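The sequence and model come next.

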Amino acid sequence: MAITTEPVSAEVGEMVTILSIDGGGIKGIIPGTILAFLEGQLQELDGKDVRLADYFDVIAGTSTGGIVTTMLSAPNEINRPFAAAKDIVPFYFDHGPKIFSPAQGIWFGPKYDGKYLHQVLQDKLGETRLHQTLTDVVIPTFDITKFQPTIFTKSEIAKSPYLDAKMSDICIGTSAAPVLFPAYYFENDDGKGNKYEFNLIDGGTVAGDPALVALKTVTKRAAEMDPKYSFVKPMNVKQILLLSLGTGNSSDFNKRYTADEAAKWGPKNYGWLIQGDGSSPLLEIMNVASGYMNDYYLGTMFVALGAAKNYLRIEVSSSPLSCSSCDFNIFDTETALDKEIAADDASEANMNKLIQAGEKLLKKPVSKENDETNEEALKRFAKLLSERKKARAIKAL
């Protein structure tokens with residue numbers, strides 16, 4: 001693609017751009033719909049061949065978001081992203097019903113055996129490893145043997161070469177949701193013959209919303225004077241553009257519990273851990289709280305430091321704690337999902353509802369105080385991303 005020398009907006013200085021995608025199983029269709037819109041806007045500005053990986057310095061994803069992250073950043077045979085954003089939703093429609101097929105369940109074990117998911121990821125990603133991604137990626141998991149998070153971060157490979165695992169293994173690990181899929185074991189080495197073992201479960205147990213983890217990665221690299229990020233000054237979020245995409249949570253599905261119900265849950269009836277429908281109140285509460293608090297921290301920081309428009313969180317419900325998106329009714333009938341929709345509901349009817357939820361989100365205001373719609377905000381982001389890319393191309397001449 002030819003390098004343009006069009007004038008660049010004065011408001012676009014050097015900045016780091018971050019895309020973050022939540023976990024949520026089949027609900028990855030929601031951010032998939034939004035990402036297709038954003039990439040379409042960038043293609044209108046810069047040509048049909050551009051991809052999101054051309055614009056974001058860091059793409060972070062947890063669980064299903066980790067799979068989407070990999071689709072957007074792993075190279076194909078001509079060293080371009082193997083999937084365009086418009087391919088994300090069809091991926092769920094093509095493979096979701098088989099990934100979440102009840103016939104694959106294991107008696108007295110996870111709801112699904114994960115074999116089809118493993119095969120799809122291995123077939124599509126082959127031997128591609130973390131160091132080969134076309135932009136920096138951040139994918140959280142949790143190692144149940146070490147009992148600590150393992151964050152697969154491209155920028156950490158130089159110091160921790162054992163993290164340079166196959167992307168298929170990383171994706172399987174980050175999506176190994178307790179109750180739904182089996183934990184995942186694989187081995188890797190550091191290139192010097194030293195073997196490392198991984199015993200991984202879903203990254204959602206660490207960060208269902210990985211935006212804060214992605215931001216920490218950038219600020220850590222800046223502090224270590226990584227040339228790619230060294231221009232970012234401490235706490236200067238005016239030099240950071242962060243787009244965070246949610247997938248909805250249990251409160252959006254009108255799922256509630258009362259104190260009277262929970263008072264009966266204990267170690268013998270397992271009510272906190274598992275319900276008759278296979279859901280886990282404790283895991284749901286932890287995931288919802290994590291998402292709310294991440295939005296609260298990030299929204300507060302970006303507003304306090306004079307960069308409110310540099311942080312955009314698009315979620316089916318708005319956190320009641322968030323400075324950037326507070327006071328929206330969580331049960332807004334224009335955007336809330338039906339209670340039947342769950343992370344593993346891959347029926348065609350419900351997948352279509354998820355597309356509709358994503359489309360409605362585009363029309364929703366960013367916040368009660370800001371009547372800019374998410375669609376308008378994404379167009380603004382697209383312009384900034386395009387102009388920053390052009391500015392870097394000029395600087396490289």
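## A loop lysine and its contacts

Lys238 is found in the loop between α7 (211-223) and β7 (240-245). Helices (H or I, at least four residues) and strands (E, at least two) are DSSP runs, numbered from the N terminus. This is a predicted model: local features need pLDDT of at least 70, side-chain atom pairs count only at pLDDT 80 or more, and totals for chains, interfaces and linings use all residues. Residues are numbered from 1 along each chain as its sequence is written, and side-chain values use heavy atoms, with hydrogens and water left out.

Which residues does Lys238 contact, leaving aside its neighbours within four places in sequence? They are Met15, Leu305, Gly306, Ala307 and Asn310. Contact means heavy atoms within 4.5 Å. Lys238 and Asn310 are 72 residues apart in sequence, yet their C-alpha atoms are 6.9 Å apart in space.

## The chain overall

The chain has 11 helices and eight strands. Buried residues make up 54% of its 397 residues. Buried means under 20% relative accessible area, exposed over 50%, and partly exposed in between (1.4 Å probe, protein chains only). The chain exposes about 17800 Å², and carbon and sulfur atoms supply 56% of that area. Accessible areas come from the Shrake-Rupley method with a 1.4 Å probe; for residues, only the protein chains shown count as cover. Among contacts with a separation of 6 or more, 73% join residues 24 or more positions apart.

## Nonpolar cores

In soluble globular proteins, nonpolar side chains tend to be buried together. A nonpolar core is a set of buried Ala, Val, Leu, Ile, Met, Phe, Trp, Tyr and Cys residues joined through side-chain atoms within 4.5 Å. The largest such core here has 72 residues. Leu19, Leu35, Phe56, Leu72, Phe152, Leu243 and Leu378 touch the most other members. Helix α1 (residues 29-46) gives the largest share of this core, seven residues. Apart from it lies another core, of 20 residues, including Ala211, Ala222, Phe231 and Ile240.

Not counting residues up to four places away in sequence, Leu72 touches Leu19, Ile21, Leu35, Leu52, Ala53, Ile59, Pro81, Ala83, Ala85 and Ile88. Leu72 is also one of the buried residues of α2. In that helix (residues 64-73), 10 of the 10 residues are buried, so α2 is largely enclosed by the rest of the structure. In the loop between α2 and α3 (88-99) lies Asn79. Asn79 is not a glycine, but its phi is positive, near 60 degrees.

## Aromatic rings

The structure holds 12 aromatic pairs. Rings of Phe, Tyr and Trp (its six-membered ring) pair if their centres lie within 6.5 Å; planes under 30 degrees apart count as stacked, over 60 as edge-to-face and the rest as tilted. Two pairs are set out below.

| Pair | Centre distance | Plane angle | Class |
|---|---|---|---|
| Phe142 and Phe147 | 5.6 Å | 85 degrees | edge-to-face |
| Tyr162 and Tyr196 | 4.3 Å | 10 degrees | stacked |

The Tyr pair links distant parts of the chain, 34 residues apart. Tyr162 is in the loop between β4 (148-153) and α5 (167-174), while Tyr196 is in strand β6 (residues 195-201). Tyr162 is partly exposed, at 25% relative accessibility. Tyr196 is partly exposed too, at 29%.

Are the members of the Phe pair buried or exposed? Phe142 is buried, with a relative accessible area of 15%. Phe147 is exposed, at 65%. Phe147 lies in the loop between β3 (136-143) and β4. Its phi is positive, about 55 degrees, although Phe147 is not a glycine.

Phe152, Tyr162, Tyr184, Phe186, Tyr196 and Phe198 form one aromatic cluster. The charged end of Lys146 sits over the ring of Phe198, 5.5 Å from its centre. A charge sits over a ring if NZ of Lys or CZ of Arg is within 6 Å of the ring centre and within 35 degrees of the ring normal. Lys389 has its charged end over the ring of Tyr55, 5.6 Å from the centre.

## Confidence

The chain averages a pLDDT of 85, and 86% of the residues score at least 70. pLDDT is the predictor's confidence in each residue, from 0 to 100. It stays under 50 over residues 1-12, for which the model has 19 contacts beyond four places in sequence. pLDDT also stays under 50 over residues 321-336, with 48 such contacts.
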